[in-house]
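Here is a walk through one protein model, taken a few spots at a time. Have the sequence and the coordinates open as you read.

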Amino acid sequence: MCGILGVKGSAPVNQDLYDGLLVLQHRGQDAAGITTVDNSQFLLKKGNGQVADIFQAKEMMSLKGNVGLGHVRYPTAGTSCASEAQPFYVSAPYGISMVHNGNLTNASELLDFTAQSAKRHINTGSDSEALLNTFAHYLDMKCKIQLTVEDIFEVVADVMEQAKGSYSVIFYVLGVGMVAFRDPNGIRPFVFGTRNTEDGMEYMFASESVAIDVTGFTLERDVKPGECIFIDENNSMHSRLCYRGKAEHTPCVFEYIYFARPDSVIEGVSVYSARINMGQRLGEKIKQQWQDEQIDVVIPIPETSCTMAMEVAHCLKVPYRNGFVKNRYVGRTFIMPGQTQRKKSVRRKLNAIDEEFKGKNVLLVDDSIVRGTTSEEIVKMAREAGAKKVMFASASPEIRHANVYGINMPTSKELIAHEKTNEQICQAIGADRLIYQDINDLIDSIKCENHAISKVETSVFDGHYITGDICSDYLQNLEQSRNNERLESQEAEPA
């Protein structure tokens, strides 16, 4: 999962890019980067770490120009080395920089295509670099003194025929303009906004609407699945649905459950409202199925689940309490490499308030259970704090399948729900009782906010991959690749 930004302004954009990346930091803490354009030159600063650590005053002052791209990353393909931080750049044709959020499911085929047909060298293991060079190849085939709008749309259509999987992507082509487009299924979120100034209209593209809000832009709409929006050098906007085939709009359900900020709006749906709905439906299920259970208090696993847990408590008519204090300076645990590091980080991340647990029947609410490592440690913490009984509720269904569209939980065997019953999962995390959200209730929690959404991407729950190109061999190769990466990470961990 990554966060991307693109700004075409009438004044320096470095502050807008910095502010936008800060509020997208939750989408990736592994690396960050900004490139701007000044006097027909790309100015670039990127590296491993978080936005505030990489960009000090000196770096920000050097990032001059009225056009720029920004990126925050955690790796879903490739490695965590600094060379794979984005934005990426190629010098020909024209000079192109790009940022990408998503995961290409045919990255190996694209790598072969760029090497053999396009004769382009790929310097990293990143699928994003393969996408950049595919775009550059098709643009090169159109290369002439003055590209037309039609040329740009044809290039994007050609890229969409080659690239499979999920992608929200922004390119800036020197002397041509900003090109932004989204995969035909619209899996990863992508919005754009405008800001009217005395010097003219300014444009921003972003992974989430919160970046548009905090920078003073006005949210216009989501970039449509299969759509390209092109802002030319004269600052005119052009848009077209470029995908030549037929695809079904299926935004990723996990954006609403976990990844997106609650103050974002995705596909016309308030993430906060969707989470309220999830909590209401989960509370109703608990009330119906656990009629014999005495629950003294509902406690969320901070922070994403707080909204859901509050609604569960309201539905059950029991107190809602913040029983855990979160250390905000520890990154997300389920994307950390190595089980040992994940277990250690849970204790660093959360600490229990004993008086909220002591002698009580406690219902813990979390947004999801992935590997189960965090859940197991939290149940232990609740018991150590004196809980008489510890029950656990997940606001999403059982995660049983690999994700291939940009969320770093790729191997089924790593998932605690894989080939286990709910009773076995409950025993594994050490809870007294366990309940999951129904998938239909989860989907309805989103769709009821926007009836135009007919389907959402739920492959981690049901194993149905909407792009239609995922087979058992692909999943086996992915599993082997991730196992190798995990072993390398474990070897790198201190004893």
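Let's start at lysine 142. Neighbours within four places in sequence aside, lysine 142 is in contact with Leu147, Asp151, Glu154 and Val155 (contact means heavy atoms within 4.5 Å). Lysine 142 itself sits in the loop between α5 and α6 (149-162). Its relative accessibility is 24%, so lysine 142 counts as partly exposed; the scheme calls a residue buried under 20% relative accessible area, exposed over 50% and partly exposed in between, using a 1.4 Å probe and protein chains only.

A word on what you are looking at: this is a predicted model, where local features need pLDDT of at least 70 and side-chain atom pairs count only at pLDDT 80 or more, while totals for chains, interfaces and linings use all residues. Residues are numbered from 1 along each chain as its sequence is written, and side-chain values use heavy atoms, with hydrogens and water left out. Helices (H or I, at least four residues) and strands (E, at least two) are DSSP runs numbered from the N terminus.

**Two crossing helices**

Helix α5 (residues 127-141) has a crossing partner in α4 (residues 107-117): their axes come within 9 Å and cross at roughly 45°. That makes α4 oblique to α5, as angles under 35 degrees count as roughly parallel, over 145 as roughly antiparallel, 65 to 115 as roughly perpendicular and the rest as oblique. Axes here are lines fitted to C-alpha atoms, for helices over the stretch in contact, with angles running from 0 to 180 degrees between N-to-C directions. On the α4 side, the contact is made by Ala107, Leu110, Leu111, Phe113, Thr114 and Ser117, and α5 brings Asp127, Ala130, Asn133, Thr134, His137 and Tyr138.

**The sheet**

Next, the strands. Seven of them form an open sheet in the order β3-β2-β4-β1-β10-β9-β11, with antiparallel pairing (two strands pair if DSSP finds at least two bridges between them). β3 (41-48) and β11 (218-222) stand at the edges with a single partner strand each, so one side of each has no neighbour in the sheet. From one strand to the next, the twist averages 15°.

Zoom in on β9 (residues 191-197) and β10 (residues 200-206): this antiparallel pair is joined by seven bridges. Asparagine 196 stands opposite methionine 201 in β10. Arginine 195 and glutamate 202 meet through their side chains in a salt bridge, and both residues are buried.

**Salt bridges**

How many salt bridges does the structure hold? There are 29, each being a side-chain nitrogen of Lys or Arg within 4 Å of a carboxyl oxygen of Asp or Glu. Here are some of them:

| Pair | N to O distance |
|---|---|
| Arginine 195 and glutamate 202 | 2.8 Å |
| Arginine 261 and aspartate 263 | 2.6 Å |
| Lysine 326 and glutamate 303 | 3.9 Å |

Lysine 326 belongs to strand β17 (residues 324-326) and glutamate 303 to the loop between β16 (297-300) and α10 (306-316), so their pairing ties together parts 23 residues apart in sequence. Lysine 326 is partly exposed at 25% relative accessibility, and glutamate 303 is partly exposed too, at 37%. As for the other pair in the table, arginine 261 is partly exposed with a relative accessible area of 27%, and aspartate 263 is partly exposed at 39%.

Finally, Arg27, Arg188, Glu208 and Glu255 are linked in a network of salt bridges.
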